[in-house]
Amino acid sequence: MLEKQLEYIRSVTDFEPEIALVLGSGLGALADEIDIVTTINYSDIPDFPVSTAPSHKGRFVFGYIGKAKAAVMQGRIHLYEGYSPKQVTNPIYLLRKMGAKILFLTNACGGINKNFSIGDFMIIEDHISSFVPSALIGRNDDTLGVRFPDMSEVYSKRLNRIIAKTAMENSIDIKKGVYVQLTGPAFETKAEIRMCSAIGADAVGMSTAIEAQAAKYCGFEVCGISCITNLACGIMDKPISSEEVTETADRVAPQFKTLIKKSIERFCDE
């Protein structure tokens with residue numbers, strides 16, 4: 001399947017990205033701001049899963065971010081859309097086959113750490129993926145990675161240092177923490193958030209960890225930033241809505257875009 005998908009991509013463009021960027025909720029507009037070479041809709045790629053989440057356009061955007069050659073996912077695939085773990089991570093493997101070596105993941109998420117505020121950014125230092133099925137279950141594809149991949153450092157310390165330095169130089173306050181992925185689509189209960197806090201999570205969302213696991217497995221250097229678009233259930237005594245998530249993501253998007261673009265411009269230089 002991957003070879004068939006790669007063959008289609010190559011029939012459209014010979015662009016070979018160095019960096020792959022997955023844009024989360026509220027960040028899709030960033031893809032329209034890069035120096036675009038070409039775009040490919042997910043729906044045109046053979047047997048490729050299609051984004052159904054609101055605000056996720058569902059296409060690859062190929063182009064330049066500074067001097068960096070980038071493949072941008074303008075919309076991701078989620079488990080809650082009904083896709084299997086292998087379908088959710090299919091784009092990650094395809095990006096690797098295209099030639100990308102660095103994967104930059106972004107998301108909108110709920111803050112669990114009581115020191116976090118709505119609108120904060122968090123460098124993902126580690127994740128907890130124990131509550132979602134692994135994409136690595138089943139027969140191993142030796143062309144992608146080893147049967148038992150090491151996950152002691154999923155998120156690159158080198159890339160995280162660059163992100164932190166970039167944030168400081170642009171007067172962007174940034175936190176660090178552990179991200180936990182749950183399946184969604186329902187927001188979590190108060191008891192579930194207490195559980196997540198007890199096991200060491202600082203933020204919770206419905207994506208990213210499964211992608212990072214697959215990316216590490218197939219040889220990517222990985223980094224990720226979460227935007228705290230709401231405080232998780234029980235942290236504040238009010239209901240959570242998708243509108244709140246979108247509103248916050250839109251409000252902080254300019255800073256988020258600056259941080260992502262300037263970090264990527266430095267990834268290949270340092």
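Predicted model: local features only at pLDDT ≥ 70, side-chain atom pairs only at ≥ 80, totals over all residues.
**Ground rules.** I number residues from 1 along each chain as its sequence is written, and side-chain values use heavy atoms, with hydrogens and water left out. Local features need pLDDT of at least 70, side-chain atom pairs count only at pLDDT 80 or more, and totals for chains, interfaces and linings use all residues.

**Backbone.** Most residues other than glycine have a negative phi, and most peptide bonds are trans, so I looked up the exceptions. I found a cis peptide bond from glycine 184 to proline 185, with omega near 5°. Proline 185 sits in the loop between strand 7 (174–181) and helix 4 (190–198); helices (H or I, at least four residues) and strands (E, at least two) are DSSP runs, numbered from the N terminus.

Threonine 208 has a positive phi of about 80° and is buried, at 0% relative accessible area. Aspartate 47 also has a positive phi, about 55°, but is exposed at 54%. My cut-offs are under 20% for buried, over 50% for exposed and partly exposed in between (1.4 Å probe, protein chains only).

**Salt bridges.** I count 8 in the whole structure, taking a side-chain nitrogen of Lys or Arg within 4 Å of a carboxyl oxygen of Asp or Glu. One of them joins glutamate 211 and arginine 76 at 2.8 Å, N to O. Glutamate 211 is in helix 5 and arginine 76 in a loop, so the pair ties together parts 135 residues apart in sequence. Both residues are buried.

I also noted a network of salt bridges linking Glu33, Lys257 and Lys261.
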